[in-house]
Amino acid sequence: MAKIGVIGAGSWGTALALLMHNNGHQVTIWSIIGAEVEMLRTKRQHETKLPGVLLPEAIEITGNLEEAMSGKDVLILAVPSPFTRSTACMMKEFLKANQKIVNVAKGIEENTLYTLSDVIEEELPCADVAVLSGPSHAEEVGKGLPTTCVVGAHTKETAEYLQNLFMSPVFRVYTSPDMLGIELGGALKNVIALAAGTADGLGYGDNTKAALITRGIAEIGRLGIQMGAKLETFCGLTGIGDLIVTCASVHSRNRKAGWLIGQGYTMQEAMDEVKMVVEGVYSAKAAMGLAQKYQVELPIISQVNQVLFEGKSAAEAVNELMLRDKKIEHSELPWG
Ligand SMILES: NC(=O)C1=CN([C@@H]2O[C@H](COP(=O)(O)OP(=O)(O)OC[C@H]3O[C@@H](n4cnc5c(N)ncnc54)[C@H](O)[C@@H]3O)[C@@H](O)[C@H]2O)C=CC1
Ligand SMILES: O=C(CO)COP(=O)(O)O
């Protein structure tokens, strides 16, 4: 039995708290939002973000960060990426040398272009930081539906320790040394899911969706490999796996925001309507920064940026993708 602090009480933090409780660990959840702490304490569920997923009384709920961190073996960092740095900064005062941090958010910091583990390590230089990612909607994990994820860590020992903590008959966990690939796959699939949702909102079909998923992973992989990540990771759960679920699932906030944009909503109207974090909006800009830095072409992600931030019509963006210069599908394959 381990002592776990879950930092962030949105849908993902809440679902993971329940998973860890069901795995026999002692769990405390922290939220910065007083009303959220109150709701979780009195209703024993997150009524707006994960309704129907009941949190047993044994899960402690607190608004006090020191209490959430004190004596814990592992801290699961589950705040949206725009708050990763500020939250890690607040954690500095209470973090102990032996505590492990597992980041479960999916994003890239917009102004530094850092992965979230880089952000956490910059704020907490002594911390042993790992990541958990994969095709895993909170709504399904909360119901105990079979799900698979990957833990990435700097050492095999940490990865296997965390694999054992998270693993259950309904939550299968693999390990990987490719933290960079895991983090890039998790962040960038959200941008492609915005595109896939937009195509749905425009009334396009399954052919369009399959094209966006397949050419989307080609883009993500091209950038990731240039940055030093491994091709295999983009073929795995945290690459194509998470991209498929996010582009297809009724639970995806990124897909839903895209759908609304395809229906004519502005980016801000879509984000307001979704009411939960739409990470792809932040990662879209960061991805363009990385594309420029690493000199990699990202046609779909570039069009998503133009639709989100430059007022381009979604239909025109699809049209431009279809009318790009003629290409070989895999430029590295020889003719024989
Ligand atoms: N919901 C899901 O199915 C999954 C989400 N993720 C990732 O997990 C991260 C969190 O997502 P969700 O829990 O879904 O978001 P959410 O929108 O459900 O919840 C956000 C939560 O963040 C916390 N928060 C809000 N403002 C804050 C601040 N200023 N400082 C610190 N904490 C603050 C609050 O507890 C709030 O409820 C995102 O990066 C998301 O991509 C990853 C896998 C699955
Ligand atoms: O990352 C997720 C599923 O693996 C959640 O995706 P959304 O943020 O689009 O809901």
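**Entry 1: ligand 2, contacts**

I looked up the polar contacts of ligand 2 in this predicted model and found an oxygen atom of ligand 2 at 3.0 Å from a polar backbone atom of Ser136. I counted as a polar contact a pair of N or O atoms within 3.5 Å. A polar backbone atom of Gly134 lies 3.1 Å from an oxygen atom of ligand 2, and a polar side-chain atom of Lys106 is 2.7 Å from an oxygen atom of the ligand. Ligand 2 taken alone exposes 310 Å², of which the protein buries 94%; I took accessible areas from the Shrake-Rupley method with a 1.4 Å probe.

I note the conventions here: the model is predicted, with pLDDT of at least 70 needed for local features and 80 or more for side-chain atom pairs, whereas totals for chains, interfaces and linings use all residues. Residues are numbered from 1 along each chain as its sequence is written, chains are lettered from A and ligands numbered from 1 in the order written, and side-chain values use heavy atoms, without hydrogens and water.

**Entry 2: ligand 2, shell**

I listed the residues around ligand 2 (a heavy atom within 4 Å); among them are Lys189, Asp242, Thr246, His251 and Asn254. I recorded one nonpolar, seven polar and four charged residues in this shell, with Ala, Val, Leu, Ile, Met, Phe, Trp, Tyr, Cys and Pro taken as nonpolar, Asp, Glu, Lys and Arg as charged, and the others, Gly among them, as polar. Domain 1 (3-177) and domain 2 (180-322) both contribute to the shell, so ligand 2 lies between them; the domain bounds come from an automatic or database domain assignment.

**Entry 3: ligand 1**

I then turned to ligand 1, which 24 residues surround, the closest being Ser11, Glu36, Ala138, Arg253 and Glu279. I found an oxygen atom of ligand 1 at 2.7 Å from a polar backbone atom of Ala138. A polar backbone atom of Lys106 is 3.0 Å from an oxygen atom of ligand 1, and an N or O atom in the side chain of Lys49 is 2.9 Å from an oxygen atom of the ligand. Taken alone, ligand 1 exposes 830 Å², and the protein buries 91% of that. I recorded 13 nonpolar, six polar and five charged residues in its shell. Ligand 1 also lies between domain 1 (3-177) and domain 2 (180-322), because both give residues to its shell.

**Entry 4: backbone angles**

I checked phi at two residues. Leu113 has phi near 65°, a positive value in a residue other than glycine. Phi of Lys275, likewise not glycine, is positive and near 70°.

Technical notes:
A polar contact is a pair of N or O atoms within 3.5 Å; within protein, one must be able to donate a hydrogen and the other to accept it, and residues adjacent in sequence count only if both atoms are side-chain atoms.
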